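Please look over the sequence and the model, then read the points below.

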Amino acid sequence: MRNKHKKKQFEVLENVKIEEMVAEGKCLARHNNMVIFVAGVAPGDVVDLRVTRKKKSFLKAQPVAFREYSALRVEPFCEHFGVCGGCKWQHIGYDTQLHYKQKQVKDNLERIGKVALPAFDPILGSAKTRYYRNKLEFTFSNNGWLTNEQIKSAEEFDRNALGFHIPGRFDKILDIRHCYLQPDPSNTIRLAVRAYAREHGLEFFDVVKQQGFLRNLIIRTANTGELMVILQVFRHDEEAIEGIMRHLQATFPEITSLQYVVNSKGNETYHDLEVVCYHGLPYIHEEMEGIRFRVGPKSFYQTNADQAYELYRLAREFAGLTGNELVYDLYTGAGTIANFVARQCREVIGIEYVPSAIEDAKINSAINNITNTTFYAGDMKDILSDELVARHGRPDVVITDPPRAGMHEDVVEKLLQVHPGRIVYVSCNPATQARDLELLSVKYDVARVQPVDMFPQTHHVENIVLLSAK
């Protein structure tokens with residue numbers, strides 16, 4: 001009897017040339033007039049592909065053998081590349097990455113936006129292409145992922161792992177020896193925590209059985225030199241918590257904010273839980289142009305702080321502020337942009353969905369003696385109302401930095417109704433940005449486009465668009 005559960009074996013296509021990079025970091029190839037999407041390859045590679053999915057208009061495939069390597073390739077610098085999934089573009093040079101990020105923005109705006117576009121400003125690359133992040137989250141697991149090389153070696157490995165999720169696997173963690181994303185002492189702290197836990201027999205979490213002790217380790221490094229470490233545990237074990245906290249405090253006196261959270265929920269989110277400050281202050285500070293931003297354990301802050309400054313500096317330049325403008329800052333988060341532009345305009349109104357972020361925004365204004373900001377928490381489409389405009393006035397400039405999903409259609413409609421002279425649209429997803437630009441095109445022209453790379457070694461790209469009222 002045929003096994004119904006046997007995995008279907010698709011054919012292998014031989015000697016297929018990879019043509020170009022397309023959306024989401026995938027590459028495109030063609031075979032018998034059929035488009036194929038492939039990950040883990042570079043334009044110019046000649047490969048044998050195993051088809052993994054068939055659709056009417058395209059195929060998905062994975063490389064099984066390389067016949068020729070692309071001239072665009074470089075040697076990945078991380079031993080975990082190809083397994084970890086965190087930096088999927090390490091195999092192509094940084095100039096090539098920037099080229100395809102710029103192309104991604106252009107393709108999205110032209111294909112989806114269907115609006116008249118000016119010449120694009122060249123993409124602004126990141127000065128740091130390694131060790132550029134200020135925050136990393138590592139997960140504990142008692143069932144760490146073994147690489148093919150480890151399995152073939154027939155050695156016995158300690159399966160207690162502290163690292164990153166394997167792509168597409170919620171229950172598998174790759175133990176990380178060295179990560180090139182965050183500067184020291186991030187790696188040293190992670191390895192010290194893992195060593196202490198193994199030495200003292202602390203249980204690494206089992207996400208399937210929902211049992212164990214150690215769940216998650218968060219490290220935040222700031223450009224002020226301040227350092228936050230948060231340990232997340234599954235249950236309150238006073239002796240174990242005290243032991244590891246005391247060890248971290250003694251081993252790393254540079255930690256300025258040492259915290260822990262007890263989380264017995266089914267997931268690692270802790271925004272609704274108490275975070276206990278064991279040592280130091282319950283926050284750290286990032287800084288831009290002398291403005292200090294307080295970052296707590298639950299605060300959002302751009303993870304590439306140096307490049308965030310360049311992004312916000314360009315957004316402010318696009319806004320064309322002279323000191324007299326009323327600015328609405330939509331999706332303000334912790335008020336980073338609002339406070340950053342406040343000294344160059346008359347007043348800023350910041351709106352954000354998350355109440356705790358708005359509290360951070362108010363604090364950031366207060367500690368910098370910024371008095372011309374007002375913040376509101378609530379659903380954007382509800383807060384951005386006729387009443388708000390009546391209370392504060394019609395904005396001269398709107399800066400909007402929405403999440404990946406872009407702006408709600410009601411928000412776009414309200415912007416068209418309010419009709420500010422300029423809209424500065426900052427986006428982490430050029431596809432949804434392009435969709436919104438088409439909706440706004442009835443009353444706005446695209447005056448300037450500036451891609452910005454915030455995340456080297458990945459396909460992600462930010463883009464700033466200046467819209468001028470017709």
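**Helices H1 and H11**

Helix H1 (residues 94–113) and helix H11 (residues 430–440) cross at roughly 35 degrees, and their axes come within 8 Å. The model is predicted.

- The crossing in which H1 passes H11 is right-handed.
- On the H1 side, the residues that meet H11 are Gln-104, Val-105, Asn-108, Leu-109, Ile-112 and Gly-113.
- On the H11 side, the residues that meet H1 are Pro-430, Ala-431, Gln-433, Ala-434, Arg-435, Leu-437 and Glu-438.
- Sorted by class, the contact of H1 with H11 holds seven nonpolar, four polar and two charged residues.

**Pro-451**

- Pro-451 is part of strand S20 (residues 444–452).
- Pro-451 counts as buried because its relative accessibility is 0%, and the cut-off for buried is under 20%.
- In sequence, Pro-451 and Gln-102 are 349 residues apart, while their C-alpha atoms are 6.4 Å apart in space.
- With neighbours within four places in sequence left aside, the contacts of Pro-451 include Gln-102, Val-105, Asp-121, Pro-122, Ile-123 and Leu-124.
- Pro-451 is also in contact with Val-461, Glu-462 and Asn-463.

**The seven-stranded sheet**

- Seven strands form an open sheet with mixed pairing, in the order S8-S7-S6-S9-S10-S11-S12.
- Strand S8 (173–175) and strand S12 (276–280) are the edge strands, each pairing on one side only.
- From one strand to the next, the twist averages 30 degrees.
- Strand S6 (residues 135–141) and strand S7 (residues 161–165) run antiparallel and are joined by three bridges.
- Phe-140 has Leu-162 in S7 as its bridge partner.

**Helices on the sheet**

- Helix H3 (residues 186–199) lies across S6, S7, S8, strand S9 (214–221) and strand S10 (227–233), and H3 runs at about 160 degrees to S9.
- Helix H4 (residues 238–251) also packs on the sheet, where it touches S9, S10, strand S11 (257–262) and S12.
- The direction of H4 makes about 160 degrees with that of S11.
- The axes of H3 and H4 are 11 Å apart, and the two helices pack at an angle of about 145 degrees.
- H3 passes H4 in a crossing that is right-handed.
- Where they meet, H3 contributes Ile-189, Ala-192, Val-193 and Tyr-196, and H4 contributes Gly-243, Ile-244, His-247 and Leu-248.
- The contact of H3 with H4 has six nonpolar and two polar residues, with no charged residues.

**Helix H3 in detail**

- H3 has 14 residues, which at 1.5 Å a residue should span 20 Å; its end C-alpha atoms are 20 Å apart, so the two values agree.
- The buried residues in H3 are Ser-186, Asn-187, Ile-189, Arg-190, Ala-192, Val-193, Arg-194, Tyr-196 and Ala-197.
- These buried residues of H3 pack against S6, S7, S8, S9, S10 and H4.

**Helix H10**

- In helix H10 (residues 409–418), the buried residues are Val-411, Val-412, Lys-414, Leu-415, Leu-416 and Val-418.
- His-419 follows H10 and has a positive phi, near 55 degrees.

Definitions and conventions
Residues numbered from 1 in each chain as written. Predicted model: local features only at pLDDT ≥ 70, side-chain atom pairs only at ≥ 80, totals over all residues. Heavy atoms only, no water. Pairing = 2+ DSSP bridges. Helix = DSSP H or I, 4+ residues; strand = E, 2+ residues; numbered from the N terminus. Axes fitted to C-alpha atoms, helices over the stretch in contact; angles between N-to-C directions. Contact = heavy atoms within 4.5 Å. Left-handed = near helix turned anticlockwise from the far one by under 90°. Nonpolar A, V, L, I, M, F, W, Y, C, P; charged D, E, K, R; others polar. Expected span 1.5 Å × (residues − 1). Buried < 20%, exposed > 50% of the residue type's maximum accessible area, 1.4 Å probe, protein only.
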